[in-house]
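Please look over the strand layout in this entry before we discuss it. My notes are below.

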Amino acid sequence: MSLPAGRFIAFEGGEGAGKSTQARLLAEALRTRGLNVIVTREPGGTAGAEAIRSLLLHPPGETGWTPQSEALLFAAARADHVAHLIRPALARGDWVICDRFVDSSRAYQGGAGGLGDEPITALHAFGSGGLRPDRVILLEGDQTALAQRLVQRGQAADAIEGRSAAYHRAVAAGFRALAEADPTCFARIEAIGAPGEVHARILAALEGLLP
């Protein structure tokens, strides 16, 4: 008897968009339907990828990473994550919900970092076999409102969160371009609103995948 097909959902968006909250709410909703669900994140999810996460978000030295170095480190973390967590979970028939995946690298290092899309997708093809989510939930909203959410958290910004407003506007533009180029895979969701309201929008966008 064959195992049920696992599904892979990635949450994308800029800083403060509420990806972690919405990933948790979606996991809870799926579990009430009797599904096995794994919630993970990038960079991270495995011991090796979490070690690389620490290097990325808190770089040693004073100069930080170049966009090229960042792209390579993200790709290395993702390769470990895909090989040791995501693909085995999908093979078991689990649903995997990931807070960021390769489209973040495409928008951040490829778009805002100026590397272009081709190097990022080539690294992903080499390191992770080009794995794509079944659906990308792109959380979008007014940049000022999202930035205010970060302030309200009261946490010190990491090396990527603390970049300029112009950089983050470029990231948002990169995500928009990716979603417009692939409307079948991407579901664009308004992120401003109460968490329950945003969650309802996400469930509606996933209706075709849900059992």
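1. Ground rules. This is a predicted model: local features need pLDDT of at least 70, side-chain atom pairs count only at pLDDT 80 or more, and totals for chains, interfaces and linings use all residues. Residues are numbered from 1 along each chain as its sequence is written, and side-chain values use heavy atoms, with hydrogens and water left out.

2. The sheet. Five strands make an open sheet, ordered β2-β3-β1-β4-β5, with parallel pairing. Neighbouring strands are turned by 20° against each other on average, direction ignored. Strands (E, at least two residues) and helices (H or I, at least four) are DSSP runs, numbered from the N terminus. Two strands pair if DSSP finds at least two bridges between them. Axes are lines fitted to C-alpha atoms, for helices over the stretch in contact, and angles run from 0 to 180 degrees between N-to-C directions.

3. Strand β4. Five of the six residues in β4 (residues 135-140) are buried, so the strand is largely enclosed by the rest of the structure. Buried means under 20% relative accessible area (1.4 Å probe, protein chains only).

4. Partners of β4. Strand β1 (residues 8-13) pairs with β4 in parallel over five bridges. Here Phe11 stands opposite Ile137. Strand β5 (residues 186-190) also pairs with β4 in parallel, over five bridges. Val136 has Phe186 as its bridge partner there.

5. β1 and β3. Four bridges join β1 to the parallel strand β3 (residues 95-99). Ala10 is bridged to Cys98.

6. Helix α8. Residues 195-205 form α8, which lies across β1, β4 and β5 and runs at about 160° to β5. Contact means heavy atoms within 4.5 Å.

Technical notes:
Buried < 20%, exposed > 50% of the residue type's maximum accessible area, 1.4 Å probe, protein only.
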